[in-house]
Amino acid sequence: MDFELNEDQQAILESVQRLLDQNAGPARAIALNKEQRYDDALHQQLEDSGFSSIFHNFAENGKPAGLEAALVVEAIARAGGVVAAGAQILVAPAVSNEPISGPIVMCTEDNLAKPVPLRYGAHAKTLIVLGDSKAYVIPLAAGEMAPVRTSFGYPMGRLVDIDRFQSPEKPGETLSTDAVGTMTNWWRLSLAVEAVGTMDAALQHTVAYLKQRRQFGRTIGSFQAVQHRLSHCAIQLEASRWLVREAAFHGAQREAVAAAAAFALDSADLLFTETHQLSGAVGFTCEFDLHVWSMRLLALRQELNGVAGARRDLVEARWGQRGK
Amino acid sequence: MNTGFSAEELAFQSEVRAFLRDYRNVDGFYCQGHQWPQVRALFAAMAEKNWLALSWPREHGGLGKGPVFEYILWNEVAYARAARNPLAAGIVAHTIIRHGTPAQQQTWLPRIRSGEVHFSLCYSEPEAGSDLAALRLRADRSRAGSHYVLNGQKCWQSYAQDMDYLWVLARSGTQDSRGRGLSLFICDKQTLGITVSPLPTVDGDQLNEVFFDSVEIPLDQRIGEENGAWPIVGEALADERHIQFPPGRLRRDLEELVAWLNSHDLGNDPVVRHRMANLTAQVMEAEALGLKVLEAMVRGRNAAVDAAMNKVIHTVTCQDIARAVLDFGGPEALVSGCRPELIWRQSLTETIGGGTTEIMRSMVARQLLGLSA
């Protein structure tokens, strides 16, 4: 057993971090989000430098590089990247050996009849759809998604023309039956991975502020009651991080993924609440960068039935479906 | 013990409810920043009934009613989502009644009572949030002694963009005088040297920064003694304890959530029902604590600890309901301006504004439990 990243993994992390230091970060996220734009340049750089295809390209002995891909997605989330990293780097390669044109967004088959806001929806070129028994890869034409106004940290959009999706035979490619379980697990895991990177950045930003913000003649971070709460956040974050990495390492098995997602997305709510509460009034203003990450935590909790969905999946994976 | 209202109080509650029927769409409790003309009109209509001066002494033009009537009024207004209780008729007027000169009372009270003028509270500063006694905004007498000159900055002011006057706490003593060197001023927002700048907030709304650049304020716009504002500020907050966090808002939040769940066929989900049971109990708890604060006010007891407990329970419940709204609402709840998003958004700063949860808990620890600082 070894929880240390190996040399290759460290090199991948350092390399993607260098790219993100130059091409991502809170100021860039704020500017892009203000205009509900997608970071096409970062998306392209991630593709050109091979990070988007790391899942297959770093596979060893037929075992996909799920952990390495997760590390990259975690780093992108930490940097506040405005790219559909989870869908592109984790989910798409897990369900298809062929490259899928991005930006990619994901939805359930129900959402084809009743569209909901989707992260990066207005910019998507491809829709991967999760049904009960099938999954589909559907290329999107311009204008099929309309932007949705939101303050939850991601540009969003929803399907506007749903007629062509209503017949049982969907347009685009129908994936193999196995793809349903695979997609569910990697999608759920990708949410948890993004939550970990996002929580990490939110907590770091808050801790840095509380180390210098003084009230009552001392830094706020020096109050024991505040320290205990920040410690609790750090513990939840670290537990989430390792649950998530373990699930990625083992190829996104259902039970491990559901546990990781249930824990990480539950922790995301705690991290949102505590980082804002402990930052005080400035934490709710746009001039304080915390919102770049914190608001995203709440958006991540809304996908794929959020914490409740992960918990139900966990119970079913461990004990079987009710009545069976 | 009797936790109910008297016949006269219940009759007043009915009158308020009937009055508010015409204002059910104002939505000023949640959206005052967007609905200010409508909220102002509501206050003007309330002023015609002299309800803005409901609890003021009769000799100052008030109706002389007690805290129970005030509680009923603002609790119903909160339940109707019509408005938050205005600063002018509350903190400002009560302070002027208690500490203003007869001339100040004559100048300001009729204008407040009629709903003509409205105030924004200017207390917090970049370096003085919870630690208010550290504030730095200077108020120095001019060389001739004819007026004060204010220099410095306030921040995180709610609704300052719409208000007519600012209720400003400033340092007139030395910087290390803490609470002993503060004075209160009324500043016309149009005075030369005052700049109000929006501070956009994460929810798409705004707070404000207020800059004072050599702002000249007449001596007769200082309320109370020079350097004597600290106890006055505490007193004024105490006046508002029973109406600052009306549980009617929570009751309405809860009812809206229940209606939404039923309209989406989620009312029978056992997980949902379990969570709603907890939230319902929390709302009832907040209602009970709200009444306990009121009872302390009626009896003239110090309600500080009761109010601190009430504020914690009220605001945490408010956020717990909002969290449930988001969780049940799914991705649709992320759309700006939709009702679930609005309920969530309005809960965000409740545990910060008006004294943070942490300050309230410290107060309970010290004053109720006797734990030393």
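In the predicted model, strands of chain A form an open sheet of 4 strands in the order β1-β3-β4-β7, with mixed pairing; two strands count as paired if DSSP finds at least two bridges between them. Helices (H or I, at least four residues) and strands (E, at least two) are DSSP runs, numbered from the N terminus. The edges are taken by β1 (104-108) and β7 (173-174) of chain A, each with a single partner strand, so one side of each lacks a neighbour in the sheet. Strand β4 (residues 135-139) of chain A pairs with β7(A) in the antiparallel sense over 2 bridges. Here Y136(A) is placed opposite T174(A) of β7(A).

Helix α6 (residues 85-95) of chain A packs on the sheet and touches β1, β3 (126-130) and β4 of chain A, its direction making about 65° with that of β1(A). Helix α8 (residues 178-212) of chain A also packs on the sheet, touching β1, β3 and β4 of chain A, at about 110° to the direction of β3(A). Axes are lines fitted to C-alpha atoms, for helices over the stretch in contact, and angles run from 0 to 180 degrees between N-to-C directions.

Between the chains, 26 residues of chain A are in contact with 28 residues of chain B (C-beta atoms, placed from the backbone, within 7 Å). On the chain A side, two or more residues each come from α10 (254-279), α11 (290-300) and α12 (306-319), and α11(A) gives the most, with 4 residues.

Residues are numbered from 1 along each chain as its sequence is written, and chains are lettered from A and ligands numbered from 1 in the order in which they are written. As the model is predicted, local features need pLDDT of at least 70 and side-chain atom pairs count only at pLDDT 80 or more, whereas totals for chains, interfaces and linings use all residues.

Terms used
Two residues are in contact if their C-beta atoms, placed from the backbone, lie within 7 Å.
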